[in-house]
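Look at the sequence and the model first.

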Amino acid sequence: MKKAFPILGVLTAILLIYALYMALVWAPTERTMGNVQRIFYYHVPSAWTAFILFFVNFVASVVYLIKRRPAADIVALVSAEVGVVFCTVVLVTGPIWARPVWGIWWTWDMRLTSTLVLWLIYVSYLFLRRFSSSGQTPALAAALAVLGALCVPFVYFSIWFFRTQHPQPVMGGGGSIDPRMLHVLLINWLAFSCFAFLVCWSRYRLEKLQRDVDHAHASASLLDPRGSGR
Amino acid sequence: MSAPTGITRATLLKDLRLEWRSKDAINSMLFFSLLVVVVFSFSFDPSAEESRQIAGGLIWVAFLFAAVVALNQTWARELRNQVLDAYRVSPAPANSLFIAKTLGNFIFVTVLEALMTPLFIVFYRLRALGPAWQLLLVAVLGTWALVVNGTFFAAMSLRTRSREIMLPLLLFPISIPALLAMVQSTTAILNGEGARFWIVLLVTYDLVFTTVCLLLFETVLNAE
Amino acid sequence: MTETEPVVTVSNLIKQFGRFAALRGVTAEFFGGKLYAILGDNGAGKTTLLRTLAGLNQPSSGEVTILGSSKFHDICQQVGYMAHPSLLYDEMSGMENLDYFARLYGITSSTRGAEVIRAVILSVGLDPDLVRPVGQYSQGMRQRMSLARALLNDPKILLLDEPFSNVDTHSATEMVRLLARTRDQGKTIFIVTHQASLLEHAADEFVWMESGKIVGRTRELKRPASSGETAR
């Protein structure tokens with residue numbers, strides 16, 4: 001396992017560089033928006049990656065609720081954290097894109113708005129994890145994750161209908177997409193996914209290590225109560 | 001199945017009786033609701049035509065604030081003297097407690113809404129161009145959506161630090177689709193437009209979240 | 001319940017809160033019809049042990065078997081729990097409180113509930129017709145009403161955590177007398193207390209705890225030799 005990490009790291013770095021080249025150089029320039037449009041290759045794959053990570057969080061939470069496996073809880077935590085990061089990327093690249101193109105910082109575009117709500121839901125999840133005391137956190141967080149995940153279809157449906165009633169500037173991907181752009185999009189998505197996987201793996205190991213240390217302390221305090229502290 | 005429903009009814013009646021006896025809580029809540037309406041009226045000038053157009057949104061935000069304050073209160077009572085332990089130790093099912101608390105909160109919040117609505121109508125000179133009974137339906141569905149999740153998250157926040165802030169922190173994001181539906185449908189009905197999509201969304205939302213909260217409540221109650 | 005089978009068995013019970021181990025491997029057997037006094041300093045794990053027995057805590061590891069079952073839910077009808085907070089609603093009277101809690105155990109007006117409740121309130125030496133809300137009771141009265149609540153379902157096992165705390169001597173002696181009578185009827189009683197002298201003659205066994213373990217069990221109120229201190 002340990003050897004695979006650096007290898008995957010190198011591969012991911014290469015993939016990211018390649019994807020960057022494709023996005024900034026190889027991809028055709030968009031007709032109306034010009035080069036600013038290239039941020040699309042970061043904006044969209046980040047959203048897709050965040051979505052996958054939140055789905056992983058949902059599955060891990062369900063597994064935890066049924067089987068109570070600590071590993072599932074760590075996966076849930078990790079996927080939520082990294083998912084929020086990618087979500088933040090979407091929310092930051094959105095305004096960066098919108099400003100030069102439409103002259104406004106924010107548009108209630110369907111993807112951007114839905115991502116905002118998703119971001120809010122999973123940030124509240126992270127707050128719950130931080131504010132509850134250690135024994136109960138996994139169960140409570142898993143329950144919240146299930147509710148949050150079930151909320152997602154409602155978020156998309158409601159915002160979709162709202163947008164069709166109140167049309168807003170649409171950010172990219174409206175109609176059909178040039179196949180070369182799609183190609184670059186998918187490559188970037190692959191690169192981002194690999195990167196996300198690496199970060200998650202790294203964070204997983206970190207968290208597992210932290211928990212093992214706590215466990216060792218707890219076991220030590222079983223033998224000698226005077227040496228323990230809360 | 002009479003035992004669990006009997007327990008639900010007994011718990012609900014007990015809560016209503018306790019609420020009635022601690023009149024301080026009810027009075028302060030009612031006054032708070034009044035204050036919210038007045039503050040909104042100063043912030044969003046009722047004489048302006050635009051304000052009347054967003055009245056649908058304003059009233060639901062006001063309801064949301066009142067609901068959060070009410071929700072925080074009702075579980076607090078179970079923590080005094082650790083009474084919740086007495087329930088947990090008994091054979092009574094966790095879901096009976098959840099349903100009783102949710103119904104109690106629903107009644108409580110509805111009372112607050114019943115106070116705030118006439119004030120809003122009067123201050124903002126609202127008139128429904130669409131069928132008024134639909135407004136009632138939206139009120140019931142929307143209030144239930146807030147209350148069922150609110151009761152669940154209030155119970156969850158009992159097990160956290162900063163209990164009072166955790167409830168709105170958890171409740172608001174997940175309530176956004178329902179809030180959108182409540183506001184849009186209210187505005188649509190007031191303007192005489194169709195609100196069918198939003199009402200269907202609310203019904204589905206209520207069904208899904210009530211079911212899942214019921215399934216997960218025992219986990220939350222016994223997390224220790 | 002035969003004398004030979006234990007009603008409560010605890011096997012290597014460990015309970016940890018984060019890095020702090022409240023129970024560090026408790027193993028013991030407890031038999032029916034006995035009154036056990038659980039003693040020890042603060043932080044010894046007495047309350048944690050009692051709450052684990054009451055099903056309010058999940059053990060980190062180890063097993064708890066009560067009346068032959070390891071799942072608390074199966075036997076909760078047979079267990080009564082009382083703690084230092086009253087576990088009662090301050091704004092309701094004694095009867096109203098007990099009427100509600102009786103329902104949780106399936107005791108309703110259709111099953112002669114009112115009689116049962118009145119009898120239990122009388123047995124703790126209180127007046128069932130008192131309409132004063134429990135919040136206005138003295139501590140002694142409140143603890144006695146709390147004990148009545150724990151006795152509602154006629155439990156085979158009673159778990160009491162600091163029942164005599166801040167209670168006047170008269171109420172405390174009344175409670176001890178009642179508990180001894182209950183024990184004589186064949187119930188098993190566990191009492192965690194700092195006021196061991198109250199139970200000097202009533203308790204069948206004193207269970208001494210220290211730092212999350214049972215360090216000794218004595219028939220008399222005398223701390224086991226290993227700790228090097230005499231009883232208070």
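Ile14(C) has Arg24(C), in strand 2 of chain C, as its bridge partner. This is a predicted model: local features need pLDDT of at least 70, side-chain atom pairs count only at pLDDT 80 or more, and totals for chains, interfaces and linings use all residues. Residues are numbered from 1 along each chain as its sequence is written, while chains are lettered from A and ligands numbered from 1 in the order in which they are written.

Strand 1 (residues 6–17) of chain C pairs with strand 2 of chain C through 9 bridges, in the antiparallel sense. Pairing takes at least two DSSP bridges between two strands. Strands (E, at least two residues) and helices (H or I, at least four) are DSSP runs, numbered from the N terminus.

The open sheet of chain C has 3 strands in the order 2-1-4, with antiparallel pairing. Strand 2 (20–31) and strand 4 (61–66) of chain C are the edges; each has a single partner strand, so one side of each lacks a neighbour in the sheet.

Now the interface between chains B and A. Here 25 residues of chain B are in contact (C-beta atoms, placed from the backbone, within 7 Å) with 26 residues of chain A. Helix 7 (163–190) and helix 8 (196–221) of chain B each supply at least two residues of that side of chain B. Helix 7 of chain B gives the largest share, 10 residues.

The side of chain B that touches chain A divides as follows:

| Class | Residues |
|---|---|
| nonpolar (Ala, Val, Leu, Ile, Met, Phe, Trp, Tyr, Cys, Pro) | 18 residues |
| polar (the others, Gly among them) | 4 residues |

Technical notes: Contact = placed C-beta atoms within 7 Å.
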